[in-house]
Amino acid sequence: MDRMHIRDLAVECIIGTKPEERVTKQTVVINLTLECDLTMAGRTDNLEDTVNYVVIKRDVIALIEQGKFLLIERMADRIAEICFANRRVSSVTVTIDKPGAIREARCVAVEIHRTKDRRLRLLPGITITWL
């Protein structure tokens, strides 16, 4: 399977459970690895035949900037759902770094790996089922 990477996407957002984290924006750094079949795009050189990383980047930034998440685990799960909106993505690895989360470390990070299944909840109340 082919892979597409979006690396070091830095976004400012409200993230965390401490009272001060609920009012002051922090930077998170997102890394995505999308597993997808890029064969057709390699043959046709046509944007319609690939995963448009600009669209994924735009949607991820919008989610994060508007989200006000408590946990980076939840943020990672929602980012995976965004990636699966593209039918070509079969699995995704999402890594989120939260610099400065603890004083003694450069960052804290969460990495999740999700595989598209037959039922996908894109947003609360919206479910897609493949036949």
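This is a predicted model: local features need pLDDT of at least 70, side-chain atom pairs count only at pLDDT 80 or more; totals for chains, interfaces and linings use all residues.
Residues are numbered from 1 along each chain as its sequence is written, and side-chain values use heavy atoms, with hydrogens and water left out.

**Exercise 1. Describe the order of the secondary structure elements in the chain.**

Begin with the count, which is 3 helices and 6 strands, where helices (H or I, at least four residues) and strands (E, at least two) are DSSP runs numbered from the N terminus. Then read from the N terminus, which gives the order β-β-α-α-α-β-β-β-β. Finally, turn to contacts (heavy atoms within 4.5 Å): among those between residues at least 6 apart in sequence, 56% join residues at least 24 apart.

**Exercise 2. Identify which residues of the largest nonpolar core touch the most other members, and which elements supply the core.**

A nonpolar core is a set of buried Ala, Val, Leu, Ile, Met, Phe, Trp, Tyr and Cys residues joined through side-chain atoms within 4.5 Å, and buried means under 20% relative accessible area with a 1.4 Å probe, protein chains only. The largest core holds 31 residues, of which Met 75 and Ile 79 touch the most other members. At least two residues each come from strands E1 (2–13), E2 (26–36), E3 (89–99) and E4 (107–115), and from helices H2 (53–67) and H3 (72–83). The largest share, 7 residues, is supplied by H3. Beyond four places in sequence, Ile 79 touches Ile 30, Leu 32, Val 60, Leu 63, Ile 64, Val 94 and Ile 96.

**Exercise 3. Decide whether Leu 63 is buried or exposed, and list its contacts.**

Leu 63 lies in helix H2, and because its relative accessibility is 13%, Leu 63 counts as buried. Leaving aside neighbours within four places in sequence, Leu 63 is in contact with Phe 69, Arg 78, Ile 79 and Ile 82.

**Exercise 4. Characterise the lining of the largest pocket.**

A pocket is an open set of points on a 1 Å grid over the protein atoms alone, where a 1.4 Å probe fits, with protein on both sides within 12 Å along at least five of seven lines; lining residues have an atom within 4 Å of a point. The largest pocket has about 150 Å³ of space, and its lining includes Ile 15, Lys 18, Glu 73 and Lys 98. Sorted by type, the lining residues are 5 nonpolar, 2 polar and 4 charged.

Note on methods. Buried means under 20% relative accessible area, exposed over 50%, partly exposed in between (1.4 Å probe, protein chains only). Grid points are joined across faces, edges and corners, and a volume is the space filled by probe spheres set on the points. Ala, Val, Leu, Ile, Met, Phe, Trp, Tyr, Cys and Pro count as nonpolar, Asp, Glu, Lys and Arg as charged, and the others, Gly among them, as polar.
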